[in-house]
Amino acid sequence: MGRPKALLKFNDGTLMDHAVSQARQLGANVTVVSGSGYPLVRYRCRNQPSAWCYTPDWVFGMAASLKSGLQTIGPRAKGVFVTLLDQPLVSESDLRSLAFCARQEVSEPFAADIYGNPGAPAYIPRRLWKEIMMLEGDRGAARILTRHQARTLAIKGVESDVDTPEDWRRIRYD
């Protein structure tokens, strides 16, 4: 993108401000895992999360960020919700549905249905964290969610992520 994606303007703030609002649909405690652009992203974020987690290994990909985030979670947590900054069109009502389902069965994984496969946003129960901590490179939890037969939900907006300037132009005018 040529600049921190988190600081791209979206609605009345930035993508980061919007992502924090989305995450709050899942729960009150929101931790932002940040690498590139930190601490500028943190400084410019108007909608502050409960906590920030800096990931110095962010250059190694999604696995490093996911593992850093999990390491910040307390021992009493039964699971964790994972959302992505670059999915601004994800429906808040669908996020609330994801939270409801996960809270009914806290030991089961739940995820967005992305073209027939599980993906983010997702709920990852603690029993899967050991496997998550073994991930390497630019991989998220999709394979683990698939292996453990995560229950998938239709979540509007998951296919519209922001990875390129063209994606950004398209998202802004959807």
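Predicted model: local features only at pLDDT ≥ 70, side-chain atom pairs only at ≥ 80, totals over all residues.
Local features were taken at pLDDT of at least 70, side-chain atom pairs count only at pLDDT 80 or more, and totals for chains, interfaces and linings use all residues. Residues are numbered from 1 along each chain as its sequence is written, and side-chain values use heavy atoms, with hydrogens and water left out.

The open sheet has 4 strands in the order E5-E7-E6-E8, with mixed pairing. Strands pair if DSSP finds at least two bridges between them. Strands (E, at least two residues) and helices (H or I, at least four) are DSSP runs, numbered from the N terminus. Strands E5 (79–82) and E8 (151–153) stand at the edges; each has a single partner strand, so one side of each lacks a neighbour in the sheet. Neighbouring strands are turned by 30° against each other on average, direction ignored. Axes are lines fitted to C-alpha atoms, for helices over the stretch in contact, and angles run from 0 to 180 degrees between N-to-C directions.

Strands E6 (residues 110–114) and E7 (residues 117–125) run antiparallel and are joined by 5 bridges. Ile114 stands opposite Asn117 in E7. E5 and E7 also run antiparallel, through 4 bridges. Gly79 has Pro125 in E7 as its bridge partner. Val80 and Val82 form the covered face of E5, Gly79 and Phe81 the uncovered one.

Helix H7 (residues 165–172) buries Asp167, Trp168 and Ile171. Buried means under 20% relative accessible area, exposed over 50%, partly exposed in between (1.4 Å probe, protein chains only). The three cover an arc of only 100° around the axis, which puts them on the same side of H7. The arc is that of the directions from the helix axis to the C-beta atoms. Strand E1 (9–10) and helix H1 (15–23) are among the elements covering these buried residues, with contact meaning heavy atoms within 4.5 Å.
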